[in-house]
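I opened this model to look up a few local features. My notes follow in the order in which I took them.

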Amino acid sequence: MTRMFVDAWDPSYGASFEGGDAADGPGSPSSAQVNTDVEIPADQWAPVDVPARLKPPDVVFLVDGVRRNDAGLWTAEEDGQSYAGLAASYAAGVVRCDLHNGRAELAGARVARGLFTASPSAEDVTAGSVRYEVHRVSGTGEASKLPAAVQPPLTALEIDISSEARNHGSDGADLLVVDGPLRNRRQLPRTIGYVKTQQKQYLSAALTTVVTSLKPAQRTPVFGMGTVWGGWSWYLRLPGASGAPWAGIVRIECSPDLTPDQAIELAELSAATLPRFASSAYKDPRAPQNLVPIAGLERRLRGMLGDSRVLHRALTTATARLR
């Protein structure tokens, strides 16, 4: 029988034997091939206003997911080998905003838990009243790579819950806003990815000046991105930001399967819709980019994950019984 041991190191700090740095801001240039002549020739780029007669959709769905590392583990295999493991909780939810009637409600939320490891013999772990389902990762399963393994099942959960919410609360004329890049959610109809933290610089210096000159509710023209996921993208400035050049700037993307005209239509809808959800600095330290419905949804989902200390103790007890 495979034995398991819970690492006493707080998993919120990563593995006990490594560290890392996170880039912040758009200072790092991207190697992606970018087509800036999609909507307007690059030499004619200028801030784009919302069309005067354009109205936002009556219903907007905003989906987000959260995840938490509950405990790091190690296995002791019968052949003497040892594998790292990560017990993680994650949740996805959808807020349905009825703009016509001025009402917002939680349209669905779900919690899941997983044990991520490359151990060939590890099994599900029941810790108290919850079960951590084994997710076998490929390769050698280094501890540093295990947190990234949580993203695919979390994305799948977001897709499921978004589809359910739309099936029960939409007439087909809505807009779905995914918090973060679209990645493999690009098949969802009428969907945009909302990227509030700018890690990479995708545009030339000349076109970046168009981004930093945006006024609230203005956007850049649509451009094509030749990244691994591809897609159409544009920048938008939200209201309520400070005067810093990149304050309140978000990048939005949509599926590469759409035509340029369809992408431009979504860009116009985003500029007509998202500014009304911008948060205020006195309420949210990530204002205005952290949209109000998303902030409320994150708080709700994190509460649904349960007490991390209780789960850590339950995992310690459960794995002790396996030894």
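Entry 1. I began with R183, which is partly exposed because its relative accessible area is 35%; buried means under 20%, exposed over 50% and partly exposed in between, with a 1.4 Å probe and protein chains only. The model is predicted, so I kept to pLDDT of at least 70 for local features and 80 or more for side-chain atom pairs, while totals for chains, interfaces and linings use all residues. Residues are numbered from 1 along each chain as its sequence is written, and side-chain values use heavy atoms, with hydrogens and water left out.

Entry 2. I checked the backbone of R183 and found a positive phi of about 50°, although R183 is not a glycine. R183 sits in the loop between β9 and β10; strands are DSSP runs of E with at least two residues, helices are runs of H or I with at least four, and both are numbered from the N terminus. R190 lies in the loop between β9 and β10 and has a positive phi of about 50°. R190 counts as partly exposed because its relative accessibility is 32%. Most residues other than glycine have a negative phi, and most peptide bonds are trans. I noted a cis peptide bond from A287 to P288, with omega near -5°. P288 lies in the loop between α3 and α4.

Entry 3. I looked up the largest nonpolar core, which has 33 residues. Such a core is a set of buried Ala, Val, Leu, Ile, Met, Phe, Trp, Tyr and Cys residues joined through side-chain atoms within 4.5 Å. I192 and L274 touch the most other members. Helix α3 gives the most to this core, with six residues. Apart from it I found another core, of 25 residues, among them F61, Y90, V178 and L188.

Entry 4. I listed the aromatic pairs and got three; rings of Phe, Tyr and Trp (its six-membered ring) pair if their centres lie within 6.5 Å, and planes under 30 degrees apart count as stacked, over 60 as edge-to-face and the rest as tilted. Y235 and W246 pair edge-to-face, 5.7 Å centre to centre and with 80° between the planes. Y235 is in strand β13, W246 in the loop between β13 and β14, 11 residues apart. Y235 counts as buried because its relative accessibility is 0%. I also noted that W45, F223, Y235 and W246 form one aromatic cluster.
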